[in-house]
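Dear colleague,

Please have a look at it first and then read on.

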Amino acid sequence: MLSVENVRKSFGGLPVLKGISLEVRQGEVLAVIGPSGSGKSTLLRCITQLERVDSGKITICGETLVSNNEQEKAVYADKQTRVKIGLHLGLVFQNFNLFPHFSVLRNVTEAPVRVLKKNKAEAERTARALLEKMGLADKADAYPCQLSGGQQQRVSIARALAMNPDILFFDEPTSALDPELTGEILKVIRELAAEHMTMVVVTHEMKFARDVADQVIFMDGGNIVEQGTASDVFGSTKEERTKAFLSRFNED
């Protein structure tokens, strides 16, 4: 579903991704963990076309988004292909990014109607079903400012799912939430994992990563320091840097 090969990205001459390679298979959940500033969110932004890589190759659902030319510089696919690839992906931001002047229902239906050219009635049926799945059936006519942070994030997840993506990306989906609201978002992601939704989750929630992810990547300083199954990374840690990071993980 997703292949990233030797991806590099710098900002103002500062290397942020230093040759990242990974694969995600259909139905897998990949958790990306690591300290702040390790390049986790930049990696997600490069895969979802919010940032451009300097070099490397990214293939999504069999389509090549970017690959190197003979000078080892990144060359992107044409616009039509980039748009097509983008439709395979859904992204849930840490700060919700809902349209404040749209109702909850319109936040969820806007992209399917405008981008996928769905019939409005069909889009609303899908949206209401997703809102019900998120426990928000009674909030369709509410506005984001009337919702808790956890409710807003569940609307964001419904909005991403409304586009019927093949891979769903989460960028620190609980970092803007109070601890008591974190659980409701992790519960939704657990349910999606049980439905075999292919997901890449950047998270600081170690227990969640350990219990839900099929594969875990630990990043530090723009490198993948360790990767493997959740039981490998959490139970049979090989690298000292990973051990030091996970030593703060409280087994509760």
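Below is what was found, taken up one topic after another.

Please keep in mind throughout that this is a predicted model.

Let me begin with helix packing. Two packed helices are described by the angle between their axes and the distance between the axes. Helix α3, which covers residues 104–114, packs with helix α4, residues 120–133, and their axes come within 9 Å and cross at roughly 130°. Since angles over 145 degrees would count as roughly antiparallel and 65 to 115 as roughly perpendicular, α3 and α4 are therefore oblique to each other. The crossing in which α3 passes α4 is right-handed. On the α3 side, the residues that meet α4 are Val104, Leu105, Val108, Thr109, Pro112 and Val113, while α4 brings Lys120, Ala123, Glu124, Ala127, Arg128 and Leu131 to the contact. By kind, the residues of this contact of α3 with α4 divide into eight nonpolar, one polar and three charged.

Helix α3 also packs with helix α5, residues 149–162, and here the angle is about 25°, with the axes 8 Å apart. Because angles under 35 degrees count as roughly parallel, α3 is roughly parallel to α5. The crossing of α3 and α5 is right-handed. The contact is made by Val104, Asn107, Val108 and Pro112 of α3, together with Val155, Ala158, Arg159 and Ala162 of α5. The residues of the contact of α3 with α5 divide into six nonpolar, one polar and one charged.

Next come the aromatic rings, where a pair is described by the distance of the centres and the angle of the planes. A search of the whole structure finds two aromatic pairs. In the pair of Phe99 and Phe102, the ring centres are 5.1 Å apart and the planes stand at 55°, so the pair is tilted.

Gly27 is found in the loop between β2 (14–24) and β3 (29–33). Its relative accessible area is 19%, and because buried means under 20%, Gly27 counts as buried. Leaving aside residues up to four places away in sequence, Gly27 touches His196, Met197, Thr198 and Asp214. Gly235, for its part, has its place in helix α8 (residues 230–235), and Gly235 is exposed, with a relative accessible area of 62%. Between Gly27 and Gly235 there are 208 residues of separation in sequence and 23 Å in space, taken from C-alpha to C-alpha. The C-alpha atoms of Gly235 and Ala142, which are 93 residues apart along the chain, are separated by 45 Å.

With kind regards

Definitions and conventions
Residues numbered from 1 in each chain as written. Predicted model: local features only at pLDDT ≥ 70, side-chain atom pairs only at ≥ 80, totals over all residues. Heavy atoms only, no water. Axes fitted to C-alpha atoms, helices over the stretch in contact; angles between N-to-C directions. Helix = DSSP H or I, 4+ residues; strand = E, 2+ residues; numbered from the N terminus. Left-handed = near helix turned anticlockwise from the far one by under 90°. Contact = heavy atoms within 4.5 Å. Nonpolar A, V, L, I, M, F, W, Y, C, P; charged D, E, K, R; others polar. Buried < 20%, exposed > 50% of the residue type's maximum accessible area, 1.4 Å probe, protein only. Phe/Tyr/Trp six-rings, centres within 6.5 Å; stacked < 30°, edge-to-face > 60°.
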